[in-house]
Amino acid sequence: MLPDEGLMNYILDTSQGCRHITLIDPGKQSAEVATRRAIAAVESGSRMIFVGGSTNTPDKIVHETCESIQQALELQIFAASQSPDSDEDLWKVPVILFPGGAHALSPAADGITFMMLMNSNSRRFLINEQLKGAPYLHKFGVQTLPTGYLIFSPGGKVGEVGEAILLDENDSELSYSYALTAKMFGFKILYLESGSGSSKQVSSECIKSAKKVNELCLIVGGGIRNSVHARTAAISGANWIVTGTLTEDAENINDLKLKISDVVEGAKI
Ligand code: 1GP
């Protein structure tokens, strides 16, 4: 559900400190399970849902997942509007595509991280997938969020598939140069990624150096598992932190809620 004040304003708003994004990979669970998890995540303080991840999930699955999450959020908004003790705004959380390529799209999403994998060695991830996806996004009116995407070591599967020339944890000068370049390209968002399931999060130094570039919204993800990790990213300058594996590894919905509440609290600085 698109927040009233407009999607980009919602994302760029810094007044609420560092917020949390739950990444749902539609290739790894049914739309029903994804929806239960997304609702539990929002209840625990997550303020945005990303749908994407795997590189070979068909449009149909991505669309079913987006639609199902949107419908469940609408129902929660309606239920909250009927109760004087509930806050409707809690459920007004955008559902955003975080695609592995031009195949994983859906008109049911509120927007898409329209990304350039800036440190890719492959033309495919610099511009070709974007060329393929642009007419579809235009046709269905999916709002594009201009995003620079930068992959750090160890990089995981996305680093391999994306043919990234991985940045090292000590490459803070390079991190700064990429951030500056992202801003000069007109990107509003820079996503600093160490890879889903990674044993290491993006280093504090690299986040801090990217943060020196004003006006860029920093999303930081990969390897964030607990409140200490979340806090490290937040105090270094992350505007948003993303977790995916945390949700997938949760034993059940209660465990998921505890884990997400923990990282949401950790990010509050
Ligand atoms: C992947 O940064 C995200 O794009 C999430 O990473 O699965 O390690 O939380 P994790």
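Mentor: Gladly, and keep in mind that this is a predicted model.

Trainee: Where is S209, and which residues does S209 touch?

Mentor: S209 belongs to helix α7, residues 204-211. Leaving aside residues up to four places away in sequence, S209 touches S172, S175 and Y176.

Trainee: Is N170 buried or exposed?

Mentor: Exposed means over 50% relative accessible area. N170 has 60% relative accessibility and therefore counts as exposed. N170 sits in the loop between α5 (156-161) and α6 (172-185). For a sense of distance, N170 and G100 are 70 residues apart along the chain, and their C-alpha atoms are separated by 27 Å.

Trainee: What about A233, buried or exposed?

Mentor: A233 is buried, because its relative accessible area is 0%. A233 lies in helix α8. Not counting residues up to four places away in sequence, A233 touches Q201, I207, V220, I224, A238 and I241. W91, on the other hand, is 142 residues from A233 in sequence and 25 Å from A233 in space, C-alpha to C-alpha.

Trainee: Now to whole helices. What span should α2 have, and how far apart are its end C-alpha atoms?

Mentor: The expected span is 1.5 Å times one less than the number of residues. Helix α2 (residues 31-43) has 13 residues, so α2 should span 18 Å, and its end C-alpha atoms are 18 Å apart, in agreement. For α3, 23 residues should span 33 Å; the end C-alpha atoms of α3 are 33 Å apart, which agrees as well. After α2 comes G45, with a positive phi near 115°.

Trainee: How should I describe two packed helices?

Mentor: Two packed helices are described by the angle between their axes and the distance between the axes. Take α2 and α10: their axes come within 9 Å and cross at roughly 40°. An angle under 35 degrees would count as roughly parallel, so α2 and α10 are oblique to each other. Their crossing is right-handed.

Trainee: Which residues meet there?

Mentor: From α2 come R36, R37, A40, A41 and E43, and they meet I253, L256, K257 and I260 in α10. The residues of this contact divide into five nonpolar, no polar and four charged.

Trainee: How do α8 and α10 cross?

Mentor: The axes of α8 (residues 227-236) and α10 come within 7 Å and cross at roughly 30°. These two helices are therefore roughly parallel to each other, and their crossing is right-handed. In this contact S227, A230 and R231 of α8 meet D262, V263 and G266 of α10. The residues of the contact divide into two nonpolar, two polar and two charged.

Technical notes
Residues are numbered from 1 along each chain as its sequence is written. This is a predicted model: local features need pLDDT of at least 70, side-chain atom pairs count only at pLDDT 80 or more; totals for chains, interfaces and linings use all residues. Side-chain values use heavy atoms; hydrogens and water are left out. Helices (H or I, at least four residues) and strands (E, at least two) are DSSP runs, numbered from the N terminus. Axes are lines fitted to C-alpha atoms, for helices over the stretch in contact, and angles run from 0 to 180 degrees between N-to-C directions. Angles under 35 degrees count as roughly parallel, over 145 as roughly antiparallel, 65 to 115 as roughly perpendicular and the rest as oblique. A crossing is left-handed if the near helix is turned anticlockwise from the far one by less than a right angle, and right-handed if clockwise. Contact means heavy atoms within 4.5 Å. Ala, Val, Leu, Ile, Met, Phe, Trp, Tyr, Cys and Pro count as nonpolar, Asp, Glu, Lys and Arg as charged, and the others, Gly among them, as polar. Buried means under 20% relative accessible area, exposed over 50%, partly exposed in between (1.4 Å probe, protein chains only).
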